[in-house]
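The sequence and structure come first.

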Amino acid sequence: MSDHVVPHFHNDAGVPIIEIGSKEFMCVGANPPFDHPHVFLDLGDDNEIICPYCSTLYRYASDLGAGQARPPECVVKDKAA
């Protein structure tokens with residue numbers, strides 16, 4: 001079993017850069033039904049990566065916690081409760 005959940009981010013707002021506090025994450029593009037295939041991205045030793053589907057630039061920000069983003073509305077919220 002996995003010991004952590006991979007955070008998911010979206011770019012409904014169409015911002016050019018999303019700062020994130022995770023080195024491994026999923027980009028979903030926009031919220032459904034306008035999402036693209038959910039792609040796993042891994043920054044590795046880099047601090048920036050571009051999503052190959054929506055061209056959003058993700059930048060690692062060490063001051064953010066795992067699963068957090070700037071702007072904060074770019075975090076995909078689990079709708080199941």
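Y58 is buried in this predicted model, with a relative accessible area of 0%. The residue takes part in an aromatic pair with F25, which is tilted, at 4.6 Å centre to centre and 50° between the planes. F25 lies in strand β3 (residues 24-27) and Y58 in strand β6, so this pair links distant parts of the chain, 33 residues apart. F25 is buried as well.

The count of aromatic pairs comes to 3. Among them is the pair of F9 and Y58, which is tilted because the planes of the rings stand at 45°, with the centres 6.3 Å apart. F9 belongs to strand β1 (residues 8-9) and Y58 to strand β6 (residues 57-60), so the contact ties together parts 49 residues apart in sequence. F9 is buried too, at a relative accessible area of 0%. One aromatic cluster is formed by F9, F25 and Y58.

| Pair | Centre to centre | Angle between planes |
|---|---|---|
| F9 and Y58 | 6.3 Å | 45° |
| F25 and Y58 | 4.6 Å | 50° |

Another ring contact involves a charge: the charged end of K23 sits over the ring of Y60, 4.8 Å from the ring centre.

Turning to the cysteines, the whole structure contains 0 disulfides. The cysteine sulfur closest to that of C27 is in C51, 3.6 Å away, which is too far for a bond, because a disulfide requires sulfur atoms within 2.5 Å. C51 is likewise in no disulfide. C27 counts as buried, at 0% relative accessibility, and C51 counts as buried at 1%.

Terms used. Residues are numbered from 1 along each chain as its sequence is written. This is a predicted model: local features need pLDDT of at least 70, side-chain atom pairs count only at pLDDT 80 or more; totals for chains, interfaces and linings use all residues. Side-chain values use heavy atoms; hydrogens and water are left out. Buried means under 20% relative accessible area, exposed over 50%, partly exposed in between (1.4 Å probe, protein chains only). Rings of Phe, Tyr and Trp (its six-membered ring) pair if their centres lie within 6.5 Å; planes under 30 degrees apart count as stacked, over 60 as edge-to-face and the rest as tilted. Helices (H or I, at least four residues) and strands (E, at least two) are DSSP runs, numbered from the N terminus. A charge sits over a ring if NZ of Lys or CZ of Arg is within 6 Å of the ring centre and within 35 degrees of the ring normal.
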